[in-house]
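This briefing sets out the principal structural features of the model shown below. It is arranged by topic for quick reference.

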Amino acid sequence: MRFEAMLALRHLTSNRGQTALTVGAVAVGVVAILFIRSVISGVQAEIVDDLIGSLPAIVVKPVEKFTARLADTDSRAAVDVGAGSDILVTREQKRPQQREEIAGFAGVEAQLRTFPGVRAIAPVAQGGATIRRGVKRFNVSLTGGDPAGLDTVIGMSKNVIAGKWIGLAPDEIIIGWRLADDAGIRLGDRVRVEGATPNLAGSYRVAGIFRTGTEGGDLGAVYTTRRTAQSLLGLGANVSHLFLQVEEPFAADKIATRIAAALPYKTENWLVTNSTALEGIQGMNGSRDMISAFALMASSFAIASVLIVSVVQKGKQIGILKSMGATDGQILRVFTIEAGLIGLTGSLLGTAISFALLSWLMTIPLPPGPTPFPKHTVLFPITIDGWTFTGACSAATFATMLAAVLPARRAAKLNPVEAIRG
Amino acid sequence: MSKELLIPFPVPPKAAVVRTENLVKTYGANTANPVTVLKGVNMEAQAGEFVAIIGQSGSGKSTLLNILGALDVPTTGAAYIAGTNIAALDGDGLARLRGTTIGFIFQFHHLLDEFTCLENVLMPVTIAKGAPTRDDTEYAKMLLGRVGLTDQMHKPPGQLSGGQQQRGAIVRALVNRPKVVLADEPTGNLDSRSGADVFVLLREIAKETGVAFLMVTHDDRLAKAADRVLRMEDGYLTEARL
């Protein structure tokens, strides 16, 4: 092997221009792969973080009670989408007059903690409420929870752009910046909040303003302490939901299914409630993989063509080496090692360039946009992941060696007599 | 320099290191127009013997040399190199035989540009062993000294004259201590003075090392100085008197 390695190395160092070009082709391929993957991963992480960072991964709710069947005027076909499909509408009539509640939530919370993969739990009181500001009325979703506990599930603190969330007093609420803007509410103002019924109402100080980046959150959500929400919603000591956060967001559906199977509660998970966004992510993944494959193929074809030319150029040399005793296998290994060295050097170079390029791109600030409170601060939401770098490096090296198979076999099979004759 | 140093191994006198029996080579045997280049060649060359093969262009001299050099195989017949029938060997076996038993000298030196003269000379050893031993290197340096290339050994082939390059090629053919050296018009690319020098050198080395030399040449003057002259004509090899 020492002869093969020595000859391969000498080939590469003696023709530096050609070597630089081929190494460059691999490096460019690696840069393209790493750029697209890091940017798309970054965008996805941002989307997922926006979703899962502001929403619970799993919501545990009481099972709805049914009192009566709708009149059997609809046929089975009218309620089914098709054979084997989920039923989109139900014949069961819900009882709107009865609120579903979770009593003894501390016990339920303790049970939920036993499920593997559950990271944090926050019991919440949630329901519709109205903010009154003079003659204006704003219908909102009121969520009450222990600020520190809710923070571990939906990361409220990081969304607060003014005022506070942790340490919220029972007579305080926080509202979204769009609601504050529309209603003309400033930090420290007092507003009237009406709960489930007009008599469940009170005056509350706006202690914080937050920004989630979503219409529903910034315009239609109000957060307060659990006790305040419980009294406004008439829940007493009960809660309406338990919010869960999980270790692995994409395992939320499996954990939710296990919980629903084991406990007498209904579950919703973010993978279902945000399926449109997730389908978009899947589409991105497909595009990312296709672009990576094309980049890899382009650089592999470039390497293969250079190596084929190299074999033709070195035909006489191969013939002479064979006349001196070199076997087909040795010649095959010379060109394979050559390709491996080109692939490895190009991959490492591409990795270094990518790291420098991506690190620089990560520092470019987001230009001013229409919103006064942008959630993100950088133009390129890039994720630099060691496994992605290792994978791209390995894939490019392997692809280069694969590209060398044909030229190397061609070199090995050269007839020495014809090669020497030229 | 002691001449004993040049003797790579003891060779029994009059041992036939090259022998052919009814050697036939036909190109395109399975086509409508097969061409038979060798039509039953019988020959022998002894250790230390210097044999010149003459003949017109296209008479089959190079084909014979390629078969004797295990670069090609006969259609029928047998070719024994140091007792081994090359027709019985596979690709790797032929390669090993070339690396251990046969030395080649071509009309053009074919030294590799990427390597120095010494590295080129050591290439057959490098191919066979992975890397030359200290003994191999010393032997190569001694041979380079013998052909007057001591001062040039660390230069690349491009910095050597035509005669020096061919002398480097001669040393490369000898470094693996072969039993036979096949030279295909080794002086054909040189001017008459350099050609004569190279021929004298080959002649001397054949005597010193006991290696059998088979040299194809168009130059009757050089052929006359060989121990024996064979003429290739119409696919047959015959003894020639010049």
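Predicted model: local features only at pLDDT ≥ 70, side-chain atom pairs only at ≥ 80, totals over all residues.

How many Å apart are the mean positions of the positive and negative charges of chain B? For the 25 positive and 26 negative charges of chain B, the mean positions are 3 Å apart.

**Chain B: overall form**

- Chain B contains eight helices and 10 strands.
- The radius of gyration of chain B is 18 Å, close to the 18 Å that the globule rule gives for 242 residues, so chain B is as compact as a globular protein of that length.
- Taken along the principal axes, a box of roughly 55 × 40 × 35 Å holds the C-alpha atoms of chain B.
- In chain B, 57% of the 242 residues count as buried.
- Of the contacts in chain B with a separation of 6 or more, 72% are between residues 24 or more positions apart.
- Chain B has an accessible surface of about 10,400 Å², and carbon and sulfur atoms account for 47% of that surface.

**Chain A: overall form**

- Chain A contains 16 helices and 12 strands.
- The radius of gyration of chain A is 32 Å, whereas a compact globule of 422 residues would have a value near 22 Å.
- The C-alpha trace of chain A spans about 105 × 55 × 40 Å along its principal axes.
- Of the 422 residues in chain A, 46% are buried.
- Residues at least 24 apart in sequence make 77% of the chain A contacts between residues at least 6 apart.
- The accessible surface of chain A is about 20,300 Å², with 62% belonging to carbon and sulfur atoms.
- The 41 positive and 33 negative side chains of chain A form two sets whose centres lie 6 Å apart.

**Nonpolar cores**

- The largest nonpolar core has 53 residues, and the members that touch the most others are Leu321(A), Val18(B), Met43(B), Leu64(B), Leu68(B) and Leu214(B).
- Strand β2 (residues 35-46) of chain B gives this core its largest share, five residues.
- A second, separate core has 40 residues, among them Val171(B), Val198(B), Leu202(B) and Val229(B).
- Beyond residues up to four places away in sequence, Leu214(B) touches several residues, including Val18(B), Met43(B), Ala45(B), Val51(B), Ile53(B), Leu65(B) and Leu68(B).
- Leu214(B) also touches Val180(B), Val181(B), Leu182(B) and Ala183(B).

**Val17(B) in strand β1**

- Val17(B) lies in strand β1 (residues 16-27) of chain B.
- The relative accessible area of Val17(B) is 7%, under the 20% cut-off, so Val17(B) is buried.
- Leaving aside neighbours within four places in sequence, Val17(B) is in contact with Ala45(B), Gln46(B), Ala47(B), Tyr80(B), Ile81(B), Ala82(B), Lys179(B) and Ala212(B).

**Helix α12 of chain A**

- Helix α12 (residues 315-323) of chain A is mostly covered, with eight of its nine residues buried.
- The buried residues of α12(A) are Gly315(A), Gln317(A), Ile318(A), Gly319(A), Ile320(A), Leu321(A), Lys322(A) and Ser323(A).
- One of them, Leu321(A), is also among the residues that touch the most other members of the largest nonpolar core.
- Gly325(A) follows α12(A) and has a positive phi, near 115°.

Notes. Residues numbered from 1 in each chain as written. Chains lettered and ligands numbered in written order. Heavy atoms only, no water. Helix = DSSP H or I, 4+ residues; strand = E, 2+ residues; numbered from the N terminus. Rg over C-alpha atoms; globule rule 2.2 N^0.38 Å. Buried < 20%, exposed > 50% of the residue type's maximum accessible area, 1.4 Å probe, protein only. Contact = heavy atoms within 4.5 Å. Areas by Shrake-Rupley, 256 points an atom, 1.4 Å probe, with all protein chains shown as cover. Lys, Arg positive; Asp, Glu negative; His and termini not counted. Charge placed at Lys NZ, Arg CZ, Asp CG, Glu CD. Core = buried A, V, L, I, M, F, W, Y, C linked by side-chain atoms within 4.5 Å.
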